[in-house]
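We will go from stop to stop, selecting a few residues each time.

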Amino acid sequence: MFDALRKYEVQARYAMLLALGSAGLFWQARQSAMSRVPSIVIERSAEGARLLIDGKPFFVRGVCYSPIPVGKDYEYNFWGDAAKPWITDGKLMKDMGVNTVRFYRVGKDPEQVRKVLDDLYKEFGIRSLVGS
């Protein structure tokens, strides 16, 4: 019974991640000024499901990302930080093999948010999920 429950739990989490991933990856691609909208599909079979982008399997290797400097609190707006911490962090994430980041909160200025997401994608090929 526990094996069946564990299998169901893993499948449910995987399906949720695929759904979130495909929605977020579509949003990233749609918002990026440099890219066309890729074909994003969740392929289902008897063995399970997998996420395909332009017909190729996409395995999410992601991190949650919300850079807050020492001495600042959650009200800090890194989206508008002139130092662009996401550029330094993007290089480190790319070197780690990260291809997707999840942001907990979206900034208040859509242009600042778009700039950060575009920079991460254009410079490092890192796709973004944004949610609360």
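Begin by selecting Glu43 and Arg50, which form a salt bridge whose closest N and O atoms are 2.7 Å apart. Bear in mind as you look that this is a predicted model. Now color by accessibility: Glu43 is partly exposed, with a relative accessible area of 34%, and Arg50 is partly exposed too, at 38%. This pair belongs to a set of four salt bridges in the structure.

Next, go to helix 3, residues 110-124. Select Glu111 and Arg114, another salt-bridged pair, with 2.9 Å between the closest N and O atoms. The two lie three residues apart in helix 3, about one turn of the helix. Glu111 counts as exposed, with 52% relative accessibility, while Arg114 counts as partly exposed, at 28%.

Stay on helix 3 and select Lys115 and Asp119. Here the closest N and O atoms of the salt bridge are 2.9 Å apart, and the partners sit four residues apart in the helix, separated by about one helical turn. Which of these two is buried, Asp119 or Lys115? Asp119 is the buried one, because its relative accessibility of 8% falls under the 20% cut-off. Lys115, at 40%, counts as partly exposed.

Now turn to the largest nonpolar core, which has 15 residues. Select Phe78, Val101, Phe103 and Leu120, the members that touch the most others in this core. Helix 2 (85-96), strand 5 (100-103) and helix 3 each supply at least two of the core residues. Helix 3 is the biggest contributor, giving five residues. As background, nonpolar side chains tend to be buried together in soluble globular proteins.

Keep Phe103 selected and show its surroundings. Leaving aside residues up to four places away in sequence, Phe103 touches Tyr65, Phe78, Trp79, Val116, Leu117, Leu120, Ser128, Leu129, Val130 and Gly131. Trp79, one of these contacts, leads us to the last stop.

Select Trp79 along with Tyr74, Tyr76, Asn77 and Arg105: these residues lie nearest the centre of the second largest pocket. How much space lies in this pocket? The volume is about 280 Å³. Its lining is made up of 18 residues, and coloring them by class will show 10 nonpolar, four polar and four charged residues.

Technical notes
Residues are numbered from 1 along each chain as its sequence is written. This is a predicted model: local features need pLDDT of at least 70, side-chain atom pairs count only at pLDDT 80 or more; totals for chains, interfaces and linings use all residues. Side-chain values use heavy atoms; hydrogens and water are left out. A nonpolar core is a set of buried Ala, Val, Leu, Ile, Met, Phe, Trp, Tyr and Cys residues joined through side-chain atoms within 4.5 Å. Buried means under 20% relative accessible area, exposed over 50%, partly exposed in between (1.4 Å probe, protein chains only). Contact means heavy atoms within 4.5 Å. On a 1 Å grid over the protein atoms alone, a cavity is a set of points where a 1.4 Å probe fits but cannot get out, and a pocket is an open set with protein on both sides within 12 Å along at least five of seven lines; lining residues have an atom within 4 Å of a point. Grid points are joined across faces, edges and corners, and a volume is the space filled by probe spheres set on the points. Ala, Val, Leu, Ile, Met, Phe, Trp, Tyr, Cys and Pro count as nonpolar, Asp, Glu, Lys and Arg as charged, and the others, Gly among them, as polar. A salt bridge is a side-chain nitrogen of Lys or Arg within 4 Å of a carboxyl oxygen of Asp or Glu.
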